[in-house]
Amino acid sequence: MADLRATLLTTLSGDATLTTLLTGGVLDVSTMPQDQGGAGSAPRESDGITIQPHARVRFISATPLSPARLWRLSPKLHGVEVYFYQPRGYDIIDAAMRRLETLLHDTYLDADDTRLAHFEFAFESTDLTAEELEGAAMRFCRFTITLVRA
Amino acid sequence: MNLGAWLSGRDAVDTSVRAERAWARIQDRPAVITLVRDGAARAAQTVRIEPYRQRGIQEATGGAGMSARQSLSIFGIRDHATETDTDIERDDRFAYDGKFYRVAHVNLFPGEVQALAEAQS
């Protein structure tokens with residue numbers, strides 16, 4: 001098996017529906033170049049210019065969860081954000097977000113470094129543009145993870 | 001040139017002469033680019049690209065990425081006697097010298113096209 005980060009990436013990258021929608025793939029922000037994947041490292045269509053629809057996964061900060069009652073388990077409320085991009089329009093992004101919610105909301109992922117990792121949908125952004133990617137269409141969503149480390 | 005006529009504003013603009021001068025300036029430092037418009041590549045064109053002089057570094061930061069950005073002018077021609085008009089529109093895209101460009105605005109002048117663009121890398 002693998003740690004939670006790798007397990008989540010494998011889960012998303014291995015989903016046929018997401019893969020069909022996101023031809024540029026599902027990328028892990030933590031493994032991208034120092035600029036965290038600026039214009040120079042965005043996946044492009046065969047013309048070398050148009051940005052491919054893709055997603056980027058970024059884990060965010062964790063906070064203790066009910067430490068007074070559950071201190072023996074040291075549970076944390078962790079989070080993960082998934083950013084979706086396409087060159088223009090939001091149809092692919094919308095479809096990919098719906099699929100992601102189906103895949104992750106109220107689900108458990110088994111990983112080497114966790115005893116429990118429960119995902120819940122928490123937030124979905126409005127339509128945005130990614131100024132760092134030449135104004136590509138962008139939306140992001142956030143899932144909370146109730147996490148108990150192994 | 002009739003200086004008196006020019007000062008009074010009666011001197012007609014010779015567009016072809018201006019176009020020839022613009023083409024000469026482009027040839028001094030030409031850049032061959034292929035614009036992509038609505039996902040389709042256009043024919044290759046020769047223009048001149050000149051960055052604005054700016055102090056410091058400009059960066060665009062998003063939730064999951066960060067790019068360096070720079071504003072530039074792209075010079076082309078129109079109404080030249082022998083050369084084809086530069087075909088450039090707002091939101092055209094192209095890559096050149098490792099950077100990715102987006103055209104933000106196009107100004108038309110007698111004999112010349114000047115576009116403002118942003119480069120990211």
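# Briefing: chains A and B of a predicted model

Strand E5 (residues 59–62) of chain B pairs with strand E6 (residues 65–77) of chain B through four bridges, in the antiparallel sense. The structure described here is a predicted model.

**Strand pairing in chain B**

- E5(B) and E6(B) form a hairpin, with two residues between the strands.
- Within this pairing, Glu59(B) stands opposite Ala68(B) of E6(B).
- E6(B) is also joined to strand E4 (residues 45–51) of chain B, by four bridges and in an antiparallel arrangement; here Arg48(B) has Phe75(B) as its bridge partner.
- A further antiparallel pairing, over nine bridges, links E6(B) with strand E9 (residues 112–120) of chain B.
- In that pairing, Ser73(B) has Leu116(B) of E9(B) as its bridge partner.

**Nonpolar cores**

- In soluble globular proteins, nonpolar side chains tend to be buried together.
- The largest nonpolar core has 28 residues, and the members that touch the most others are Leu4(A), Leu8(A), Val57(A), Phe84(A) and Phe119(A).
- At least two residues of this core come from each of the following elements of chain A: helix H1 (4–13), strand E2 (54–64), strand E3 (76–86), helix H4 (91–104), strand E5 (114–124) and strand E7 (136–149).
- A second, separate core holds 17 residues, among them Ile49(A), Ile74(B), Phe94(B) and Ala115(B).
- Leu8(A), from the largest core, is in contact with Val57(A), Phe59(A), Val80(A), Leu104(A), Leu109(A) and Phe119(A), leaving aside neighbours within four places in sequence.

**The interface between the chains**

- Contacts across the interface involve 22 residues of chain A and 21 residues of chain B.
- Ile49(A), Glu132(A) and Glu134(A) account for 37% of the area that chain A buries against chain B, more than any other three residues.
- Ile49(A) is also a member of the second core.
- Four salt bridges are counted between chain A and chain B.
- One salt bridge pairs Arg88(A) with Asp38(B), with the closest N and O atoms 3.3 Å apart.
- Ten residue pairs are in polar contact between the chains.
- On the side of chain A that touches chain B, E2 and E3 of chain A each supply at least two residues.

**Arg102(B)**

- Arg102(B) is placed in strand E8 (residues 99–109) of chain B.
- Its side chain reaches the backbone oxygen of Glu134(A) at 3.5 Å.
- Residues up to four places away in sequence being left out, Arg102(B) touches Glu131(A), Glu134(A) and Gly135(A) in chain A, and Asp91(B), Asp92(B), Arg93(B), Leu116(B), Ala117(B) and Glu118(B) in chain B.

**Residues with a positive phi**

- Most residues other than glycine have a negative phi, and most peptide bonds are trans.
- Asp38(B) is not a glycine, yet it has a positive phi of about 50°.
- Asp38(B) lies in the loop between strand E2 (36–37) and strand E3 (40–41) of chain B, and it is exposed, with a relative accessible area of 62%.
- Asp97(B), likewise a residue other than glycine, has a positive phi near 55°.
- The loop between strand E7 (93–96) and E8 of chain B contains Asp97(B), which is exposed, with a relative accessible area of 62%.

Key: Residues numbered from 1 in each chain as written. Chains lettered and ligands numbered in written order. Predicted model: local features only at pLDDT ≥ 70, side-chain atom pairs only at ≥ 80, totals over all residues. Heavy atoms only, no water. Polar contact = N/O pair within 3.5 Å; in protein donor to acceptor, adjacent residues only side chain to side chain. Contact = heavy atoms within 4.5 Å. Core = buried A, V, L, I, M, F, W, Y, C linked by side-chain atoms within 4.5 Å. Buried < 20%, exposed > 50% of the residue type's maximum accessible area, 1.4 Å probe, protein only. Pairing = 2+ DSSP bridges. Buried area = accessible area lost by both parts, 1.4 Å probe. Salt bridge = Lys/Arg side-chain N within 4 Å of Asp/Glu carboxyl O.
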